[in-house]
Each structure stands twice: as C-alpha cells, then as structure tokens.
Amino acid sequence: MNIGFTKGDGDYEAVFISQGNIGTPILTNGTTYTANSVFGSGSQAGTGWYCIANGTLSSGSITVTGLTASTTYRVMVIEYTGTSGAEQYLTSTASGNPANQSTITMQNQTITFAALPTKASGDADFNPGATASSGLPVTYSSSNTAVATIVSGNIHIVGIGTSTITASQAGNSNYNAATSVDRSLTVDKANQTITFPSLSAKSPGNADFNPGATASSGLTVTYSSSNTAVTTIVSGNIHIVGAGTSTITASQAGNSNYNAATDVVQVLTVNKGTLVNEMGEEEIEIYPVPASDKLYIKIPGNKTAILQMVDISGQVVVNKKLTNQVETMDVSKLAKGMYTIKLKVNETLIIEKIEIQ
C-alpha cells in the first residue's frame with residue numbers, strides 16, 4: 001500500500017500504521033523508533049502501532065508491505081524535532097486531519113459453529129471448531145463443568161451428561177462483538193471390553209490362582225464359577241475343589257463413566273490326579289485324587305506299610321497295615337473333606353494330602 005502525506009513544520013517525520021480504524025500511537029520523547037516497511041516488523045509505539053518510516057521524509061509516497069487483504073488499517077504521521085535519542089514529538093492534529101474523526105464505523109462479524117458430535121467418557125480433548133468471519137479467535141464456555149470444561153481452547157470431557165458450549169468473539173477496534181452461538185454437547189458412558197486368556201488344566205490340590213482377566217477401562221474384573229464342586233472363587237482367585245469342569249465367567253459391571261462389559265467365559269478342567277512319591281528308584285502311587293468311593297495304594301515290590309488317615313481335626317480315622325502290592329480301601333463312609341495320609345514304608349515316612357468327595 002502507498003501512503004501519501006503533506007509535510008508540516010517539524011524537522012523529521014515518523015510514520016506509524018496499525019490494523020484497525022481507531023486510536024493513535026503512544027509516543028515517548030527521547031525515544032528513537034526503528035522503521036521497517038514490512039508491517040509488524042518495526043518498533044511499536046503503543047500496542048499494535050508499528051513504525052514503517054523515520055527521518056527526513058519529503059512529502060509524497062511511502063510503501064508498506066505485509067498487509068492483509070480486505071482488512072482496515074489506520075496510518076498516523078508524527079513530526080518531531082531533535083536528534084536521535086532527544087526527539088520531541090509534535091502530536092497535535094490539524095483541522096481536517098483524519099485523526100480528528102469523531103465517528104468510526106465498526107464492522108460486524110458472525111460466528112460459524114457446527115453441531116458437536118456425541119462423545120464418550122474418557123475421550124481426548126478436542127477443538128470445537130468455531131470460527132469468526134473477522135478471523136479473530138473464538139473463545140468458549142461450558143454451562144456444566146461436571147460434564148465438560150474448557151482447557152487451552154479445547155473441550156475437556158469430565159463426566160457423562162449434557163452441557164451447552166457457547167462460542168463467543170468480543171470484537172476489537174475494528175469489529176463489533178459477534179452474537180454468541182450455543183451448541184449442545186452430549187457425553188455418554190464409554191464402552192469397555194474384557195480380555196480373558198484361556199485357562200490351563202489343573203489338578204486337585206493345586207494352589208489358588210488369579211484367572212488374569214482385565215478390563216479395558218482398568219476397572220476390577222470379578223469372577224463366578226458354574227460348578228462349585230470343581231471350583232469356587234476366593235478373594236478374586238480360583239480355588240480348586242475337585243476334579244471335573246467348570247465355566248469361569250469374567251464380568252465388569254461398569255460405573256458412572258463406563259457401561260457394563262460383555263461377559264467373557266473360559267472353561268477350566270481339573271483332572272483327576274495320582275499322587276506319586278518316589279522312594280529311591282521305586283514309586284508309591286495313591287489314586288484317584290480326589291477319591292469318592294475307592295482309594296488305591298500301590299506299593300512297589302513286596303514291601304509292607306503302615307497307613308494312617310488323619311482328618312482336619314487331627315483324629316486318626318484309618319489305621320491299617322498294608323501287605324498287598326495294590327491295596328484297595330473303601331472310603332465311601334468317610335466324611336467329605338481333606339485328609340492327611342501318613343504312609344510308613346520300612347523306615348521311610350511319606351505324608352500326602354488327599355480330598356474325599
């Protein structure tokens with residue numbers, strides 16, 4: 001843009017330009033303002049007033065670059081006396097000077113604000129996307145800070161529910177304030193999924209173990225067993241009761257921010273076992289484990305053994321000498337529960353635990 005002016009009575013001139021159509025530069029005597037013909041690059045005399053020329057300027061034309069199309073700018077030429085660092089600025093305005101203009105026409109602006117998508121609890125912050133026709137920045141507010149707040153110009157999800165998001169632009173020296181625009185924001189509960197790995201087979205007497213299921217929400221997973229004669233749930237762990245199969249169900253009921261997850265099931269097999277105890281190069285076998293009717297004890301060679309079965313109270317319920325290589329015991333009349341077997345073969349004492357079902 002070319003700027004023309006008529007020289008007055010001062011020794012020197014400084015030319016300032018600002019985006020907008022009101023106001024004047026704020027000059028300080030004794031201050032030298034550095035000029036740059038690219039708008040926004042020279043020294044400022046008050047906020048937004050940039051020096052584009054300075055010195056002995058003849059009447060005529062000064063060119064400034066770096067301006068934005070379809071934008072209003074205001075130009076002021078200030079005269080001064082004195083050398084560099086001792087300037088005395090003459091800021092009075094002559095009759096007919098545009099600086100005496102008493103009425104400034106402000107431009108209107110509008111806000112474009114599209115409908116907001118439905119969000120879920122836990123979603124990342126997002127920009128609402130409103131724009132002002134003036135190009136000035138839009139600000140936002142939330143009517144329900146329990147649902148959403150505004151963080152660095154973005155919407156931050158706090159919880160489920162609805163909130164009205166208001167887009168505003170307060171205007172400036174060129175533009176009137178825009179009419180605010182409201183948009184409704186809905187935040188629903190988030191979905192979650194359960195990851196539940198398959199379960200390896202177990203045997204009676206195995207220690208309690210954690211099934212290892214996790215929820216994508218990070219919430220605690222709970223379990224249930226379809227067959228409590230095989231497994232039960234104790235403090236979130238699977239407790240082996242007896243042989244058979246049981247369906248273990250992993251569940252997460254959700255909370256105020258998450259919907260309940262779809263249950264995931266895994267089948268756990270508990271095999272009937274055989275207790276094997278090595279005695280030198282020979283083995284003593286006790287089976288089946290657990291037992292419900294008959295209990296078999298296999299003793300290698302022609303060795304004899306003394307057998308005791310002790311219940312959980314410490315009472316000896318069976319005391320028997322074993323002479324056969326495979327001894328059969330009727331345990332059907334024993335109370336269900338855990339027993340300790342003490343088997344003495346020669347000078348070797350073998351102790352095992354067994355469950356009677």
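These legends describe several close-up views of a predicted model.

Local features are given only where pLDDT is at least 70, and side-chain atom pairs only at pLDDT 80 or more, while totals for chains, interfaces and linings use all residues. Residues are numbered from 1 along each chain as its sequence is written, and side-chain values use heavy atoms, with hydrogens and water left out.

**View 1. Cis peptide bonds at Pro-288 and Pro-290.**
Tyr-287 and Pro-288 are joined by a cis peptide bond with omega of about -10°. Pro-288 belongs to strand S23, residues 282-289; strands (E, at least two residues) and helices (H or I, at least four) are DSSP runs numbered from the N terminus. A cis peptide bond also links Val-289 to Pro-290, with omega of about 0°. Pro-290 is placed in the loop between S23 and strand S24 (294-298).

**View 2. The ring pair of Tyr-287 and Tyr-296.**
The structure holds nine aromatic pairs. Rings of Phe, Tyr and Trp (its six-membered ring) pair if their centres lie within 6.5 Å; planes under 30 degrees apart count as stacked, over 60 as edge-to-face and the rest as tilted. The ring centres of Tyr-287 and Tyr-296 are 5.6 Å apart and the planes meet at 20°, so this pair is stacked. Tyr-287 is partly exposed because its relative accessibility is 26%, and Tyr-296 is partly exposed at 29%. Here buried means under 20% relative accessible area, exposed over 50%, and partly exposed in between (1.4 Å probe, protein chains only).

**View 3. Positive phi at Ser-70 and Ser-235.**
Ser-70 is not a glycine, yet its phi is positive, about 60°. Ser-70 is found in the loop between strand S4 (60-63) and strand S5 (73-81). With a relative accessible area of 77%, Ser-70 is exposed. Ser-235, another residue other than glycine, has a positive phi near 55°. The loop that holds Ser-235 runs between strand S18 (231-234) and strand S19 (237-240). Ser-235 counts as exposed because its relative accessibility is 75%.

Thr-231 counts as buried, at 0% relative accessibility. Its side chain forms a polar contact of 2.6 Å with the side chain of Ser-225 and a polar contact of 3.0 Å with that of Ser-246. A polar contact is a pair of N or O atoms within 3.5 Å; within protein, one must be able to donate a hydrogen and the other to accept it, and residues adjacent in sequence count only if both atoms are side-chain atoms. Leaving aside residues up to four places away in sequence, the residues that Thr-231 touches (heavy atoms within 4.5 Å) include Ile-238, Ile-248, Leu-268 and Val-270.

**View 4. The largest nonpolar core.**
A nonpolar core is a set of buried Ala, Val, Leu, Ile, Met, Phe, Trp, Tyr and Cys residues joined through side-chain atoms within 4.5 Å. The largest one has 22 residues, and those with the most contacts inside it are Leu-295, Ile-297, Leu-307, Met-309, Leu-343 and Ile-354. At least two residues of this core come from each of S23, S24, strand S25 (305-310), strand S26 (316-322), strand S28 (337-345) and strand S29 (348-356). S28 supplies the largest share, four residues. Not counting residues up to four places away in sequence, Leu-307 touches Ile-297, Val-318, Met-329 and Ile-341, among others. A second, separate core of 18 residues includes Ile-111, Tyr-140, Ala-148 and Ala-178. In soluble globular proteins, nonpolar side chains tend to be buried together.

**View 5. The hairpin of S25 and S26.**
S25 and S26 pair in the antiparallel sense over six bridges; two strands pair if DSSP finds at least two bridges between them. Ile-306 stands opposite Lys-321 in S26. Five residues lie between the strands of this hairpin, where Gly-314 takes a positive phi near 95°.

**View 6. Lysines over rings of Phe-126 and Phe-209.**
The charged end of Lys-119 sits over the ring of Phe-126, 4.4 Å from the ring centre. Lys-202 lies over the face of Phe-209, at 4.4 Å from the centre of that ring. A charge sits over a ring if NZ of Lys or CZ of Arg is within 6 Å of the ring centre and within 35 degrees of the ring normal.
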